[in-house]
Amino acid sequence: PVLYSHAGARHFSPMERNLGDDLAARIAGAGGLVGVTLFDGFLSGVPEDSRLPDHVPGTCDDVVAHWLHFAKVAGPENVTLGSDWNGFVSRPLAGGRCADGLRNTSDLPALYEALTGAGVPQAALDGSGERLLRLMEMVEAKASPAARAEAERRTIPAFSVFDVPL
């Protein structure tokens, strides 16, 4: 199984980086997960017929629409949050179903409330972290013992993200 993360629905935004419906269904069918991004550049273009009432483009309403689309093609239990919160990603603005936008992790309750309000089962959201861990355990169980041993022997050098070679 695989995790296809940091993506929007290609059905709405037909860019190469986004995930198509057929592949989303295949990933879910093989026990994988689809991770919905928060990067607004991948989430634009939600068509009118896929918008919830009072949809506000550019807000978390776009995230909700992409999530609902993936839930329809892959099953709600196979969709999870697949984004990060680093400063390099522009996220949805304030408004719509998330009054303050998606500024940082403190805004996740508003996103999850918007998702459940739109029909995503609470159990699907509550279990997404556990399913991600199970997926990682399945992948790890199939890893080559030699590769695992090599990885465990390696050390990662400490460095600061502010160190810049001159």
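Here are some friendly notes on the predicted model shown above.

1. **Ground rules.** This is a predicted model, in which local features need pLDDT of at least 70 and side-chain atom pairs count only at pLDDT 80 or more, while totals for chains, interfaces and linings use all residues. Residues are numbered from 1 along each chain as its sequence is written, and side-chain values use heavy atoms, with hydrogens and water left out.

2. **Overall layout.** The protein chain has 6 helices and 3 strands, where helices (H or I, at least four residues) and strands (E, at least two) are DSSP runs numbered from the N terminus. Their order along the sequence is β-α-β-α-β-α-α-α-α. Along the principal axes, the C-alpha atoms fill a box of roughly 55 × 45 × 30 Å.

3. **Burial and surface.** Of the 166 residues in the protein chain, 36% are buried; buried means under 20% relative accessible area, with a 1.4 Å probe and protein chains only. The accessible surface comes to about 9600 Å², and 59% of this belongs to carbon and sulfur atoms. These areas come from the Shrake-Rupley method with a 1.4 Å probe; for residues, only the protein chains shown count as cover.

4. **Contacts and charges.** Taking contacts (heavy atoms within 4.5 Å) between residues at least 6 apart in sequence, 67% join residues at least 24 apart. The protein chain carries 14 positive and 21 negative charges, whose mean positions are 7 Å apart. Here Lys and Arg count as positive and Asp and Glu as negative, with His and the chain ends not counted; each charge is placed at NZ of Lys, CZ of Arg, CG of Asp or CD of Glu.

5. **The parallel strand pair.** Strand 1 (residues 3-7) and strand 2 (residues 33-36) run parallel and are joined by 3 bridges; pairing requires that DSSP finds at least two bridges between two strands. From strand 1 the chain passes through helix 1 (residues 21-29) to strand 2 in a right-handed β-α-β crossover. Right-handed means that, with the strands pointing away from the viewer, the path from the first strand over the helix to the second runs clockwise. Tyrosine 4 stands opposite valine 34 in strand 2.

6. **Two residues to look at.** Histidine 69 lies in helix 2 (residues 60-74) and counts as buried at 5% relative accessibility. Leaving out residues up to four places away in sequence, histidine 69 touches Ala9, His11, Phe12 and Asp21. Asparagine 78 sits in the loop between helix 2 and strand 3 (79-81) and is buried too, with a relative accessible area of 13%. With the sequence exclusion of up to four places, asparagine 78 touches Ala28, Gly32, Leu33 and Val34.

Technical notes:
Buried means under 20% relative accessible area, exposed over 50%, partly exposed in between (1.4 Å probe, protein chains only).
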